[in-house]
Amino acid sequence: MRVLVVEDEADLARAVGRALEEEGYAVDVATDGEAGLWNAQSWEYDAVVLDLMLPRVPGETVLKRLREKKKTPVLILTARDGVADRVRGLDAGADDYLVKPFALEELLARVRALVRRGAGEASPVIRLGEVEVDTAAREVRRRGKLVDLAAKEYALVELLALHRGKLVTRTKIYDHIYDQSDPTLSNVVDVYVSNVRKKLGAGFIETRRGEGYIVRG
Ligand code: CA
């Protein structure tokens, strides 16, 4: 899953970005509202973490402009005493908010919930035959046994699980498991698919030649 972080405080942006990457997300960071809006409109993010106090274009404007075109789940970051900001942010289409300073653990939990709800999923655990994907713990089990997946392998499984029963194109996979700093070599996804099949069963991912991949619910 791919997340955009729009935050002008460099240390905070770095800390949030790193925490999300450690969780296996592809992460893009924008340090002002203009760049944030451009990114948010240009890519299909699974969630956006948006500070409201931003240079160039304020976060509230970024949110309103984004909402004219997209339903991307947005978590706004606001100051402790910013009750009015939070209300305006939620009214402008934010899905959730977090008050600064916040614990990274809480931000990660809220992002997980946003990504899940954005995909129309209420429960954190998705069952696919003998495979169970726990999107809260970011763990995958097969016949009850924990399966060790690399970060990008997990990202692929989660993406397919959240779209189970539907064709997921290769383009969509690239857009959601890589960020702008990742090299996108076309054969890499094939390698992940092959690894996942070895670990979760040959039939777990079906290939639609020339189109993409599908897992069954
Ligand atoms: Ca700020």
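1. Proline 101 is found in the loop between β5 (96-99) and α5 (104-118); helices (H or I, at least four residues) and strands (E, at least two) are DSSP runs, numbered from the N terminus. The peptide bond that joins lysine 100 and proline 101 is cis, with omega about -10°. This is a predicted model, in which local features need pLDDT of at least 70 and side-chain atom pairs count only at pLDDT 80 or more, while totals for chains, interfaces and linings use all residues. Residues are numbered from 1 along each chain as its sequence is written, and side-chain values use heavy atoms, with hydrogens and water left out.

2. Arginine 56, found in the loop between β3 and α3, has a phi near 75°, a positive value in a residue other than glycine. Arginine 56 is exposed, its relative accessible area being 63%; here buried means under 20% relative accessible area, exposed over 50% and partly exposed in between (1.4 Å probe, protein chains only). Arginine 143, in the loop between β8 (139-142) and β9 (145-147), also is not a glycine and has a positive phi of about 50°. With a relative accessible area of 62%, arginine 143 is exposed.

3. The calcium site comes next. Asp8 (OD), Asp51 (OD) and Met53 (O) coordinate the calcium ion at 2.1 to 2.3 Å. Donors are N, O and S atoms within 2.8 Å of the metal (3.2 Å for Na, K and Ca), and water is not among the atoms, so sites may look incomplete. The spacing of the donor residues in sequence is D-x42-D-x1-M. Distant parts of the chain are linked by the pair of aspartate 8, in the loop between β1 (2-6) and α1 (10-22), and methionine 53, in the loop between β3 (47-51) and α3 (59-67), which are 45 residues apart. Aspartate 8 counts as partly exposed at 32% relative accessibility, whereas methionine 53, at 63%, counts as exposed.

4. Strand β1 is mostly covered, since five of its five residues are buried. Arg2, Leu4 and Val6 point one way from β1, Val3 and Val5 point the other way, and all are buried. The partner strand is β2 (residues 26-30), joined to β1 by five bridges and running parallel to it; two strands pair if DSSP finds at least two bridges between them. Within this pairing, valine 3 has valine 27 of β2 as its bridge partner.

5. Methionine 1 lies in the segment before β1 and is buried, with a relative accessible area of 1%. Not counting residues up to four places away in sequence, methionine 1 touches Tyr25, Ala26, Asp46, Val115, Ala155, Glu158, Leu159, Leu162 and His176; contact means heavy atoms within 4.5 Å. From C-alpha to C-alpha, methionine 1 and leucine 75 are 15 Å apart in space, and they are 74 residues apart in sequence.

6. Two packed helices are described by the angle between their axes and the distance between the axes. For helix α6 (residues 151-162) and helix α8 (residues 188-200), the axes come within 10 Å and cross at roughly 80°. Axes are lines fitted to C-alpha atoms, for helices over the stretch in contact, and angles run from 0 to 180 degrees between N-to-C directions. Helices α6 and α8 are therefore roughly perpendicular to each other (under 35 degrees counts as roughly parallel, over 145 as roughly antiparallel, 65 to 115 as roughly perpendicular and the rest as oblique). On the α6 side, Lys152, Glu153, Leu156 and Val157 meet Tyr192, Val193, Asn195, Val196, Lys199 and Leu200 of α8. The residues of this contact divide into six nonpolar, one polar and three charged; Ala, Val, Leu, Ile, Met, Phe, Trp, Tyr, Cys and Pro count as nonpolar, Asp, Glu, Lys and Arg as charged, and the others, Gly among them, as polar.

7. Histidine 163 lies in the loop between α6 and β10. Histidine 163 is buried, with a relative accessible area of 18%. Leaving aside residues up to four places away in sequence, histidine 163 touches Val168 and Lys172.

8. An open sheet of three strands has the order β10-β12-β11 and antiparallel pairing. Its edge strands, β10 (168-169) and β11 (206-208), each pair on one side only. Two bridges join β10 to strand β12 (residues 212-214), the two running antiparallel. Valine 168 has tyrosine 213 in β12 as its bridge partner.
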